[in-house]
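Subject: Structure handover

Hello,

Please find the structure below, with the sequence alongside. My notes come after it.

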Amino acid sequence: MGQKYYGVQSGRETGVFDSPQDAKASTTGYPNNSIKGFNSPKEASQFVKGDPNYSIESKRGNYAVAQGRSKGVYNTLGDAKAQVDGYSGAEHRTFNNEAAAQNWVNQKNNVAKGQSGYKGHH
């Protein structure tokens with residue numbers, strides 16, 4: 001895994017940090033703080049500046065694919081999009097948590113409980 005960069009949009013000190021400890025020190029206990037991790041300093045900088053075009057491909061979350069090349073829950077938008085872009089009849093949604101995303105995939109595909117379609121990496 002490569003170097004991570006941390007954008008602090010709202011904190012005691014804002015900017016791009018290359019250490020998670022420094023970024024957290026700037027936001028811990030700071031009301032309404034805003035911090036995100038990125039794979040490049042450019043993406044982190046775009047986030048800090050409030051640029052709405054910072055790479056949505058690496059945006060982390062719970063992206064469920066019920067119909068696509070490979071069904072399951074993905075932890076980056078880019079991974080999920082790779083399963084549905086250009087796929088006829090694709091079905092996908094974003095969820096607040098992994099369990100809700102997996103539930104939706106299972107319901108859409110009538111998967112027996114206990115099986116998992118999670119494709120992300122923690």
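The notes below start with the whole chain and then go through its parts.

This is a predicted model, in which local features need pLDDT of at least 70 and side-chain atom pairs count only at pLDDT 80 or more, while totals for chains, interfaces and linings use all residues. Residues are numbered from 1 along each chain as its sequence is written, and side-chain values use heavy atoms, with hydrogens and water left out.

Overall

The protein has four helices and six strands. Helices (H or I, at least four residues) and strands (E, at least two) are DSSP runs, numbered from the N terminus. Starting at the N terminus, the order of elements is β-β-α-β-α-β-β-α-β-α. Of the 122 residues, 35% are buried; buried means under 20% relative accessible area, exposed over 50%, and partly exposed in between (1.4 Å probe, protein chains only). The accessible surface of the protein is about 7,600 Å², and carbon and sulfur atoms hold 46% of this surface. Accessible areas come from the Shrake-Rupley method with a 1.4 Å probe, and for residues only the protein chains shown count as cover. Among contacts with a separation of 6 or more, 43% are between residues 24 or more positions apart. Contact here means heavy atoms within 4.5 Å.

The sheet and its helices

Three strands make an open sheet in the order β2-β1-β3, with antiparallel pairing. Two strands count as paired if DSSP finds at least two bridges between them. In general, strands of a sheet pair through backbone hydrogen bonds, either parallel or antiparallel. The edges are β2 (15-17) and β3 (34-38); each has a single partner strand, so one side of each is left without a neighbour in the sheet. On average, neighbouring strands of this sheet are turned by 25° against each other, direction ignored.

Strand β1 (residues 5-10) runs antiparallel to β3 and is joined to β3 by five bridges. Val 8 has Ile 35 in β3 as its bridge partner. Helix α1 (residues 20-27) packs on the sheet and touches β1, β2 and β3, with its direction at about 10° to that of β1. Helix α2 also packs on the sheet, touches β1, β2 and β3, and has a direction at about 5° to that of β1. For these angles, axes are lines fitted to C-alpha atoms, for helices over the stretch in contact, and angles run from 0 to 180 degrees between N-to-C directions.

Ser 45 is in α2, which spans residues 41-48. Ser 45 is partly exposed, because its relative accessible area is 22%. Ser 45 and Gln 9 are 36 residues apart along the chain, and their C-alpha atoms are separated by 9.1 Å.

In the loop between α1 and β3 is Asn 32. Asn 32 is not a glycine, although its phi is positive, at about 55°. Asn 32 counts as exposed because its relative accessibility is 73%.

The cores

A nonpolar core is a set of buried Ala, Val, Leu, Ile, Met, Phe, Trp, Tyr and Cys residues joined through side-chain atoms within 4.5 Å. The largest one has seven residues: Ala 64, Ala 66, Val 73, Phe 95, Ala 101, Trp 104 and Val 105. At least two residues of this core come from each of β4 (60-67) and α4 (98-109). Helix α4 gives the most, with three residues. Setting aside neighbours within four places in sequence, Ala 101 is in contact with Asn 62, Ala 64, Val 73 and Phe 95. Another core lies apart from this one and has six residues, including Tyr 74, Leu 77, Ala 80 and Val 84.

The salt bridge

How many salt bridges does a search of the whole structure find? The search finds one, where a salt bridge is a side-chain nitrogen of Lys or Arg within 4 Å of a carboxyl oxygen of Asp or Glu. The side chains that meet in a salt bridge are those of Lys 108 and Glu 91 (2.8 Å, N to O). This pair links distant parts of the chain, with Lys 108 in helix α4 and Glu 91 in strand β6, 17 residues apart. Lys 108 counts as partly exposed because its relative accessibility is 40%, and Glu 91 counts as partly exposed at 28%.

Strand β6 covers residues 91-95. Setting aside neighbours within four places in sequence, Glu 91 is in contact with Ala 64, Val 65, Ala 66, Gln 67, Trp 104 and Lys 108. Glu 91 and Ala 66 are 25 residues apart in sequence, and the C-alpha to C-alpha distance between them is 5.4 Å.

Regards
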